[in-house]
Structure formats: C-alpha cells, structure tokens
Amino acid sequence: MVKKAVTMSDIAKVMNVSTVTVSKALGDRDGVSDDLRERIKQKATEMGYRMHTGGRGMHDGLSYNIGIVVAHHFISDASSFYWGVYRDIVELLQSQNYYGMLEVINDGDDNVSEIPNSVLDKKVDGLIVLGQFSDNYVDRLLACGIPTVFLDFYGSREDVDTVLSDNFYGAYMLTSYLVANGHRKIGFLGSVSSTSSIQDRYLGYYKTLLENRIPLRQDWIISDRSNESDIFPEFTLPADMPTAFVCNCDESAYKLVNQLKALGYSIPDDISVVGYDDHIYSTISVPRITTIDVNSRVMSSEAVDIILHKIRDGSYKRGRTLVTGRLVRRESVKNLNKI
C-alpha cells in the first residue's frame, strides 16, 4: 500500500497553525517569526514532508500577501465594524491560500501619513483599503502600482474598484419605514461631511422627505462626531424635538437612546430611533434598535474576489459594486398610526 504523502495541511494541523503560515515558513517568505519558521521546518522534516521545487511563489513572483489598510480611528474600539470586516477578509483570504497583513495608518493628517513599508517594498500583491482616506492619500497609494480595491469608501476617481453598502437605499428604507409608521417630524444624526457613507445615508434620508413633501429642517440635522471620526459622548439636541431620528450608525443610535433616556424621554413612546449596520450596539440597547444589516460578509467576499482577479489580470476592472442591505425591525420605533 502506497503511503499517503504528507501535505502542508497535515503539518498545519499538527502545529496548530494555518496552512498559509506553513507555506510561508517552508517558502522562507515574510509573515512568520524565525522561531516558528524553524519549528515548522523541523516538524515537516520529522513528518517526511517533501518540498516541491516547482511550487508556487518560487517562480510566479507573488508573495501571497494582501495588505489590509485602515485608519487607526476606525479600529480604536475592539467592537468596531471594521474589526469584523477585517476578520472576514482574513478568513476568506486564507481559504484562497493568501495571508492578510493589517496595515494601520496613524491618526492625523493622512495627506502626509506614511505609505506602509509593505507597499513601498512590494511585499504585498494587492491592497484592500477599509474606510475613508483623503484623495491625496488615495492618489499616493494608487501611484505605488499595486492592485487595489476600496471597501466602504469611494471618491471622485473613475479608475478605482470599490465595494459599498448601498447606503443611499438603506437610509431611504429606514426613513420610509418611519414615514409608514406615521412619523413626519424626522431628524438625522450624523456629521454629513465626515465620510462618503454618512453623506449617502443622509441623501437617502432626504429623498424620503422629498417624496413625502416633508420639509427639511436644518436644526434637526445633528452632528455626531469630530473630523477625526471620534463619536461625541453626547449630542447637541434641538429645543423642539422631532418624533424620530435616523442615525447614521448603530453606535450613535445607541448613545442617542441613552442620552434621551437620561433626559427623561421614553423610547420609542416619546421618540423613535433607528440606526445602521446591525452592529452589536443595536442589540444591547434597551429597547433594541431598528437598523440596516449591511451584509458585511458579502462585502468582504466581493472585495477579496475583486483583488484576486486584479492580481491575476492586471487589466481587470470591476468598478462600483453595491451590496444591498436588509431592514431589521426591532422595538425602537413607535407606530403613530395606531394613536
């Protein structure tokens, strides 16, 4: 009986590491510590693993690393939306025998922020960029000539591939749901100039008002964060309150609910609140918050698919990919039609 050949997967199971890590160690590629590399090589020898001299990575010029670029303020909270997206991307890359390298860009003026060394030194085959960056920084990244896809952010350039939640339609669905429940005094919580996502959600909110001939009141457009995207601990609320708020994200919605309750309001009896993202904040809130599930797993899958296509084919273009979310109805909205 012929003995089954030892595979990298077999070594990975014994060493309790990923197959990608074993591949990097045996191929002497970056991303593995010297100590772990030597232990993996020793275990491979013990198990009788035979290196294939024609293996990938030796002749195809690829590192099998993908850089995942994100600004520090987007992941400063361990429960942030982008941490979940990052975990999805890494898992999806590993299933394709790629390794995701997190590159965190320090807060401050990203017009002068450094380009990651992994990019400058061509140690990554492609980049997935999470969240908003300035046009200047985007230009500098793209000038490095590495295949790049943007996730949850877009700018004015026509030559970039982006994966987006359909923020406009999601906010339109949320606001329309409030109108269907009898609300006509509806505010918006979000710093409109902060990110393209918030801008699109504001426009979806505004479209609903236009369709229903509801006047836009500027005193009901409330900022929720600084220019650095740090969400305020409290919001400056108007003296004349609306009956409902559309919030640009669940974290802001959660903070608004708690602030309103501290001021003596009952949610949703006095004021209804809806959020966005179907983040953990929407489920720990009391009451739980009506929101949009953006389907971040599908967004991550699309981004990974695009970047791998771009690596294989330098002329590949996908353009804008929109992922439609789902309205999640919970207890934070009161039906005024029943009054």
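Modeller: The accessible surface of the protein chain comes to about 16,200 Å², and 49% of that belongs to carbon and sulfur atoms. Such areas come from the Shrake-Rupley method with a 1.4 Å probe, and for residues only the protein chains shown count as cover. This is a predicted model, in which local features need pLDDT of at least 70, side-chain atom pairs count only at pLDDT 80 or more, and totals for chains, interfaces and linings use all residues. Residues are numbered from 1 along each chain as its sequence is written, and side-chain values use heavy atoms, without hydrogens and water.

Colleague: Why is N248 called buried?

Modeller: Buried means under 20% relative accessible area (exposed is over 50%, partly exposed in between; 1.4 Å probe, protein chains only). N248 has 2%, so the residue is buried. Of the 339 residues in the protein chain, 51% are buried.

Colleague: What makes the link between the side chains of N248 and D224 a polar contact?

Modeller: A polar contact is a pair of N or O atoms within 3.5 Å; within protein, one must be able to donate a hydrogen and the other to accept it, and residues adjacent in sequence count only if both atoms are side-chain atoms. The side chains of N248 and D224 make such a contact at 2.8 Å.

Colleague: Which residues does N248 touch, leaving out those up to four places away in sequence?

Modeller: Contact means heavy atoms within 4.5 Å. N248 touches F188, L189, G190, I198, R201, D224, R225 and Y276.
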